[in-house]
Each structure stands twice: as C-alpha cells, then as structure tokens.
Amino acid sequence: MRRTLYLKLILAYIIFGIFGFIMVSTFASSMTLEHLIREQAEKMYEEATLIANTYATDLYNNQTSLDAVQKQLDALDTYMDATIWIMNPSGRLILDSSTILDINEEKIVENFDPTITLGSYYTTGDFFGYFKEDMLSVYAPITTDFSIKGYVVIHSSMKDLKASKESLLSISYLLLILLFLLSLIILLFFTEFVYVPIKRITEATEHYATGDMNYDLSIDSDDELGYLGGALSYMAHKVATAEEDQKKFIANVSHDFRSPLTSIKGYLEAMIDGTIPEEMHEKYLKVVLNETERLTKLTNGLLTLNNLNMTGMVLEKSIFDINQVIKSVVESFEGTLFKKKISVDLVLTGERLSVEADMSKIQQVLYNLMDNAIKFSYDDSTIKIETTQKHNKVFVSVKDSGIGIPKESLKLIWDRFYKTDLSRGKDKKGTGLGLAITKEIIRAHKENINVISTEGVGTEFIFSLPVYDDDDDDDLA
Ligand code: ATP
Ligand code: MG
C-alpha cells in the first residue's frame, strides 16, 4: 500500500509534465504562429493599402513612371524585408521590387484568384504555386473609378516568422520547466505531511497487529493525520492495559483459589496420615469448612461480577422504600454486630423514602458496605447510616470509625481483588470483590458512589439513587 501511494503521486507528476509538454508543443505552438502571422499580416496590409492608394494608383493613372515606382518599392522592400508586387487582376506582374521585369518576358501568376482568401486579406503558402517555399502574402486592391485595376501584393518569407515562433516557444518551454520544478514543492509537502505520517501509522499498525502494543507512534502535527495517529496509539494503549488487566485478573483468581485449596489439602492429608490426631479432627474440619466457604464466596463473587459485566445488565427496577431496605439489611447483621458490640445509628429521612431501582441489587450494595464497615470497625464502635434527599436524588451514607483506608489505596479499592495492607490482617476471608460488584451495580443505575476516608479515623461510603416522587402518584390517583 505504502509504495503504491507514492508511485501514484509520482506518476501523476510525470503525467502532468508530459501533458504540459504536449500542450506547449501543439496548442501553444500553433497559437503563437497564428498570432505572429496575423500581426505581421496587419503591418504588411497597411503598407500594401498605402502603396495601392499612392504609387500604384498614380501608376495606373499615368501620373508617374514605372521606374520611379520601382525605385520607391525597392527601398521599401529592403526596409520591410519583403517582396512587393504590383499585378493585374489577371495575374500578370507589372512590377516586382526584387527584380527589374523584362518587358519581353511576362511573369504571370497562373490561377490567381483574389477571392481565395475568403474575406481575409492574407494567405499563406506558395501563392498559387509561384514560390517554392511558404510565404505570407497580403494584397490590397488598386481601385480607380470604382473598379479594381490591379493589386499590390506583399510577400514575406514564413521562415522568419517560424524562427520567431521557435524563440517565443522556447520561453514557454523554459516556463514549463520552471513550473514543473516549482511543483516539486507540492511533492515535498506531500512527502513530509502526508506520506511520512501515513508510513509511520502503517508501520505502527503492523507492530500493533503483531502484539507489540507499546510501539511508540507519535506524529508531531495537529492535522487529521496527527489526530489519527493519536487515536491509534491511544487505542493500542487501551488494548495493552486491557490485556495487562486480564493477566492480572487471572493471576489473582488463581492465587485466591490456590491458597484455600492448599490449606484444605494440607489439613486433609494430615488427618489421613495421622499427623493430626483424631480428637483434633473436628477443630481442623471446621477450618476446612471455613476455607470451602471462602471458595464458595469467591466463586459466587466472580459469577456475580461476570453477570454484571455483560453488556446491558438487566435491572429489574421497582419502587421501594430505601429506609425499609436499610433496616432489614442491618437486621441481617444483628448477630455479628452483637458479637463485636457495634451499634448502628440510623438517621433516615422521612417515614418513607421511595426510590426507583433494582431492589435486590441495592440490597447487595448495602450488604457489601455494611459488611465492610463491620469488618473494619473496632469493637465497641458505632456505624452511622444516613439517608438524605436533595432535589431528585437520595443519598445513602454508610459511615464507620474503623481502620480507614490509606490515601494511596483510595482509588484502588474498586478494583477486583484489591485489599489494602491494613485490612489483610483483620479480614482473612475477604475476596476483594465486594466493592467491584458494588461499583458495577451503581454504574448500571447510572448513579455514583464515592468514598471519604482517613486512615485510623474511619470511612464513609455515599451513593445516590433516583427519588420516586410519591406525590406525583397521589396526584395521578
Ligand atoms: P469481600 O467484600 O469480597 O468480602 P473485601 O471486603 O476485602 O472482600 P471489598 O469490599 O471490595 O473487598 O473492599 C476492598 C478493600 O477496601 C478491603 O479489602 C479493604 O482493604 C478496603 N475497605 C473497604 N471498605 C472499607 C472500610 N469501611 N474501612 C476500611 N477499609 C475498607
Ligand atoms: Mg467487602
């Protein structure tokens, strides 16, 4: 592709040159000659008319002698570099400026026909076969008493005209060559601003196609090609990071599955070969059970995420009271709350706060946030859950005074499998999928979730939901 584009341009350039040459050598050549002939003919015709009206008329009226006229015309002949004739309508020469006519030897132009020029006053050629070379001939009638007595004919050789045409044409050729060279600038521009960038883009796409996504494609220009280059390298970067993410994801999944499996295997083997005595079996079977629970949780989390990620997550939206849902989620944590002696402070707006959303998914969000808040809270602390309404949004906040999230981790907690170092010691069962699922659900609702946290002080998660206005319903009813 690359080479043909350049070849095509060069071909176009050569065709441009050839056509230019053909135009100059044909059209320009004939036009120049035509122009020169007309110009010369005009001058000669003026002279011919002048002679016809003066010397020639005098001659026919016998007011002057042939000799005297001959002398005058001789002088003019040299001056004009032309041959001047005076001839009868029949074609017989009366006077020839180039030679003195012998009276005994008549010079006659056979087939002389003054109408041959069809209205124009000049003709080119051998003048009715009289000359051997091409001549430009002009004639003016000599009239006395309203009748044509004869003609003044002036011939000049076409050789000179052709020579001047050639010299004029050589100027045209020179200009053509100059133009051709100047148009090289276009070729240079094309090379620099189109060809080179396209070549680089093509090279880059070849690299991308073979998987080298980090190939550096930078086009230093702000035109369309620069934009295309930028878009391409951005795309490559995206593909590269997506690939990286995929690899990380698989590494994480494998790791998270391997550790519980290894410990299950270890305990079971130790029980079978007797390393763990039978009386201890119950204790270790509980550990094994714990680990299998973790595996189940992990698998479920992955399945949920996968379902959420599929394009066009189906939300089963309904209108429900968010305050009520919060209360029931808190109730489901009663046992754990009691164990850690954590109290929950509910600050709920209104008796009912209707929202329109997918209830079971919002339940899951609240469950994940509550689960985290409890996991990362100290014993004997309080978790505050608050609902507020602003315009057509409901904001739900879950706030704990637990271990908090380090600043540098704040952006990462939404990633799949991410767990802060702080939390690892406190929560061995966590998969790091909870917040990723939460974020996906909120995003599917086209709402937002944010986190505010200070390490060692506490954490607050706030998400929004669309209000469903009950009053509207009443109005309708
Ligand atoms: P899972 O939710 O699957 O049990 P998890 O709780 O570790 O695992 P996420 O809910 O995604 O995973 O949370 C990711 C990480 O963010 C947690 O491991 C923890 O480090 C941090 N985090 C989340 N919520 C809090 C919180 N309320 N206080 C402190 N750290 C938190
Ligand atoms: Mg969690």
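Helices (H or I, at least four residues) and strands (E, at least two) are DSSP runs, numbered from the N terminus. The model on screen is predicted: local features need pLDDT of at least 70 and side-chain atom pairs count only at pLDDT 80 or more, while totals for chains, interfaces and linings use all residues. Residues are numbered from 1 along each chain as its sequence is written, chains are lettered from A and ligands numbered from 1 in the order in which they are written, and side-chain values use heavy atoms, with hydrogens and water left out.

**Stop 1: the whole chain**

Show the chain as a cartoon. It holds twelve helices and twelve strands. Its radius of gyration (taken over C-alpha atoms) is 53 Å, well over the 23 Å that the globule rule (2.2 Å times the number of residues to the power 0.38) gives for 477 residues, so the chain is more spread out than a compact globule. Along the principal axes, the C-alpha trace spans about 160 × 70 × 35 Å.

Buried residues (under 20% relative accessible area, with a 1.4 Å probe and protein chains only) make up 38% of the 477 residues.

**Stop 2: the domains**

Select residues 4–164 for domain 1, 224–311 for domain 2 and 318–475 for domain 3. These bounds come from an automatic or database domain assignment. How far apart are the C-alpha centres of domain 1 and domain 3? They are 109 Å apart.

**Stop 3: Leu161**

Go to helix H3 (residues 158–182) and select Leu161. Is Leu161 buried or exposed? Its relative accessibility is 8%, so Leu161 counts as buried. Now show what surrounds it. Apart from neighbours within four places in sequence, Leu161 is in contact (heavy atoms within 4.5 Å) with Leu33, Leu36, Ile37, Gln40 and Leu136. Select Met135 as well: Leu161 and Met135 are 26 residues apart in sequence, and their C-alpha atoms are 9.9 Å apart in space.

**Stop 4**

Most residues other than glycine have a negative phi. The next two selections have positive values.

Select Asp380, in the loop between helix H9 (359–375) and strand E9 (382–390). Its phi is near 60°, a positive value in a residue other than glycine. Asp380 has 60% relative accessibility, so it counts as exposed (over 50%).

Then move to His391, in the loop between E9 and strand E10 (393–400). His391 is not a glycine either, yet its phi is positive, at about 55°. With 74% relative accessibility, His391 also counts as exposed.
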